Every structure is written in structure tokens, then in C-alpha cells.
Amino acid sequence: MIDKIKNVLEIKELRERIIFTLLMLALYRLGTHIPVPGVDTAALQHYFNAAGGALFNIYNLFSGGALGRLSVFALGIMPYISAAIIMQLLTAVIPTLERYQKEEGDYGRWKITQYTRYLTIGIAGFQSFALSLWISNLKTETGQALISENALVFVIMTTVIITTGTVFLMWVGEKITEFGIGNGISMLILASIVVSIPNAIIQSYELLRAGDLTVFQVGVALAIIIIVVAGIIYIQEAERRIPIQYARRNVGIGASTASYIPFKLNPAGVIPIIFAVALLMFPATIAQMFVDQSHIARLIVDYLSPQSYVYFILYVGLIIFFAYFYTAILINPNDIADNLRKSGAFIPGIRAGSQTAEYLNHVLSRIVFPGSIFLASIAVLPMFLIKWLNVPFYFGGTSALIVVVVALDTLHQIEAHLAMKKYEGFLKRS
């Protein structure tokens, strides 16, 4: 392992990319500790701990604790993810956006990226306005307001600051993707989750010392964590290889070379989980801010609480839906069949053209289904563990999936750089 790390550091480009990524993540973590002026952060943290509930804990997890401190990065990168979801859905139904994505090449992708950025600003502005308006009306147990500024000034200032912070994080994510290692947005979410693990370990240790947790409960939780991580790696690395042959002629003698098309069991990676969480958190977060003034808001919060069966059903359904939806965006069987035909390749026993596309679509449908079921099962696992074992399962299904999948994708990028320099990679494959 030490030799492999040395190999990574010997490559100048790879070393610079890793250093750039670490510096950007450090900048992000620094911003999560800079609070918005004019608010009593200690009183706000106390209120969140007392009345925040599971919804707040999930959002706070994805923001790296920034929401609990009402920092300049309080909304994290979730508004950008929400905007990306909306743009993906609109691309499937609006012909102009579909043309941009499929026919316009780099220019089309740039246009869609621009629209996603504008939509991110709109969503972040709306969410930060609702958040600041809600906080301006909160009071401590003694009846004192949590803000020291005029309410109007606080709302305007906080809306501008938090929206700007979200836009800055969007820029940081794009720069990590361009000049660093891994997908920038995923790396920001990974950093947000990982920083909470040491504190969770300390809390679990304190509960164990106090007798609130038993050694058996901790042992079962650790065993489940190991099994979950191993299962995620196995499913994420699993693939279906479809054999193909390239026909060629050598001095009048027919011959062919064999190869294969690799289809992953989970082509969409962690995207279905992130999309499902973002889509469920958006209405629940807005409703949480008006829960004391509206009965409808209270119903929305109750039904979209992670402990409710409605949340469970919606969560599982959205994960399966986005697994198929995002796979359809990533992999187009018609394009693959057309490229195979143009290059003189074919799948043995399958006629080139439309039959190849139908066969590939059939294979994709069959392998994505178990992959999506696995994603949904891992994502909802903590809901049952908390009830059955009564333990704080901090490294739960959703966070485990994101951490492991993002880490694997990043590791694959590092391996690609090592392969170009003819170094041995980290992962061994048969």
C-alpha cells in the first residue's frame, strides 16, 4: 500500500490534482464554521437539537453541520442537486433541451449547465429566504428573539449571504471536477458525511460508558456496517459483459476479433439516492419552517418524516425510478447499436440494428432492477436498525452508499492516471 501511495505522489499531474481537491475541501469546511451575522448560534443549535427532528438531522448531515450553525454554507450543495434533478426531468420532456443534450455536443451541454446554474440560484434564493424568515420568528424559552438585527435587515442579509454561499459551493464543485480528482459535487457531499463520523464514534463511546448502549448492540452495529460496506462494493463493481465481435478481412480470408460491452449492475451509482433524498427534503424543509402556523405544513412534515411509512414508500419508489431514469440518460441502446453497426461489430446471435438495440435494452432492464432494489434496501436499512437495536446507526445506508460509491469512483480515476504511467493500481480484478 505504501508503494502504491508513493506511485501516486510521483506523478506530478495526479499529485497536483489531489492537492487541489484537498485545498478546495478545506476551504469548504472552513466556510461551514463561518456563521451568518446577527443570530445567536448557540440558542439556534439548542433549538435544533430540541425540536429539529430526523429531517433536520438528515439535512444537517448533507450540509456537514453547516445548517445547525447557520453558516454561509447552510444550504450546502443540495439546491444545485435539486436544480440538476429538475433539468434532467425537463430534458426528457422539452424538445429544445433534448436537442441540446443529444445533438448540440459541447455547446448543448454548456447551455444545459448554464440553465442548471440559473435554476440553482433561484432555488437557493427561495430556500434561504424561507429559512431566514423562519429563524427571524423563532424565540428562546425565555421569549427572547434569536436574532439581534432588525427582522427585515436580517432576512435580506441572510438570503443574500446563504445564496451566495451556495453559488460559491457550486463553483467549487465544478472546479474540483475540472482540476481535481473525482466528481466535485459528490466530493463535497462525501466531505460533509465523513466529518460527522468521528463525532458519532465519540458519542457512541460515551453512550457505551454510561450504560445506554451494550457491547452486544455496538458489536451488532459494527458487524452490520462491515456487511453493508462489503455488499456495496460487491454490487458497485459487479457488471454484465455482453460479448461482441469485430469482423475484418485479411487478404481475402475472413476473421474476427472478440471483445465485450460492460454494463454495471448499478450504472447510475449513487445518483438515485441523492436525487431521492433531495426531492423528499425540498418540500419537507419548506413545510418545517411553517409547521407552527399551518396544519397542512404539519401534515407534510409528519408524512415526510424518515420514521413514517409514507416516507418509506416514497423513498423506495423514487430510488427505483431514478435508477431507471438516470440509466436511460447515461446509456442509450440505440446509439450503442448504431455505433456497433458503423464499426462493423455485432453481438453473436443478434442481428445488427434495431434487434441489437432491443436486446441491449432488455439486458439493461433486467440488470438495473436488482441493482435498484439493492440501493433501496441499503438506503432504508437504518430505519429498521434504529427501531430494532435502538442504537444511533450514524453510518447508515444512505451515508454508507455515498461514501463508498464516491470513494470507489475517485479510486478508479486515480487508477486511470496510474495506468497511463504503467503503475499498478489499488484495485485487483480477475
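This is a predicted model: local features need pLDDT of at least 70, side-chain atom pairs count only at pLDDT 80 or more; totals for chains, interfaces and linings use all residues.
A residue is called buried when its relative accessible area is under 20%, exposed when the value is over 50%, and partly exposed in between.

Take L70 to begin with. Its relative accessibility is 0%, so L70 counts as buried. L70 sits in the loop that runs between α5 (66–69) and α6.

Next comes the empty space. Rolling a probe the size of a water molecule over the atoms shows where such space is left. The second largest pocket holds about 1,200 Å³. It is lined by 40 residues, and the ones closest to its centre are Y80, Q88, N183, I271 and Y326. Several helices supply two or more residues each to this lining, including α6 (78–93), α8 (105–136), α9 (151–179) and α12 (215–237). Also on that list are α10 (184–194), α13 (271–288), α15 (309–330) and α18 (397–420). The biggest contributor is α6, which gives 6 residues. Sorted by class, the lining comes out as 17 nonpolar, 15 polar and 8 charged residues.

Q88, one of the residues closest to the centre of this pocket, belongs to helix α6. With a relative accessibility of 18%, Q88 falls under the 20% cut-off and so counts as buried. Setting aside neighbours within four places in sequence, Q88 is in contact with Q101, F275, F325, Y326 and I329. Among these partners, Y326 is itself listed with the residues closest to the pocket centre.

Leaving out residues up to four places away in sequence, T116 touches Y80, A83, A84 and M87. Y80, too, is among the residues closest to the centre of the second largest pocket.

Helix α12 also deserves a look. Its 23 residues reach 33 Å from the first C-alpha to the last, close to the 33 Å expected at 1.5 Å a residue. The buried residues of α12 are Q217, A221, I224, V228, G231, I232, I235 and Q236. An α-helix has 3.6 residues a turn, so residues three or four places apart point the same way.

Then there are the charged pairs. Searching the whole structure turns up 6 salt bridges. In one of them, R117 pairs with E174, with the closest N and O atoms 3.0 Å apart. This bridge ties together distant parts of the chain, since R117 is in helix α8 and E174 in helix α9, 57 residues apart. R117 has 25% relative accessibility and therefore counts as partly exposed; E174, at 21%, is partly exposed as well.

Another salt bridge joins the side chains of E239 and R241, at 2.8 Å from N to O. E239 is partly exposed, with a relative accessible area of 35%, and R241 is partly exposed at 45%.

A further bridge brings K342 and D338 together at 3.2 Å, N to O. The two residues lie 4 apart in helix α16 (residues 333–342), so about one helical turn separates them. K342 counts as exposed because its relative accessibility is 61%, whereas D338, at 26%, counts as partly exposed. Through salt bridges that share partners, D338, R341 and K342 are joined into one network.

Note on methods. Residues are numbered from 1 along each chain as its sequence is written. Side-chain values use heavy atoms; hydrogens and water are left out. On a 1 Å grid over the protein atoms alone, a cavity is a set of points where a 1.4 Å probe fits but cannot get out, and a pocket is an open set with protein on both sides within 12 Å along at least five of seven lines; lining residues have an atom within 4 Å of a point. Grid points are joined across faces, edges and corners, and a volume is the space filled by probe spheres set on the points. Ala, Val, Leu, Ile, Met, Phe, Trp, Tyr, Cys and Pro count as nonpolar, Asp, Glu, Lys and Arg as charged, and the others, Gly among them, as polar. The expected span of a helix is 1.5 Å times one less than its number of residues. Buried means under 20% relative accessible area, exposed over 50%, partly exposed in between (1.4 Å probe, protein chains only). Contact means heavy atoms within 4.5 Å. A salt bridge is a side-chain nitrogen of Lys or Arg within 4 Å of a carboxyl oxygen of Asp or Glu.
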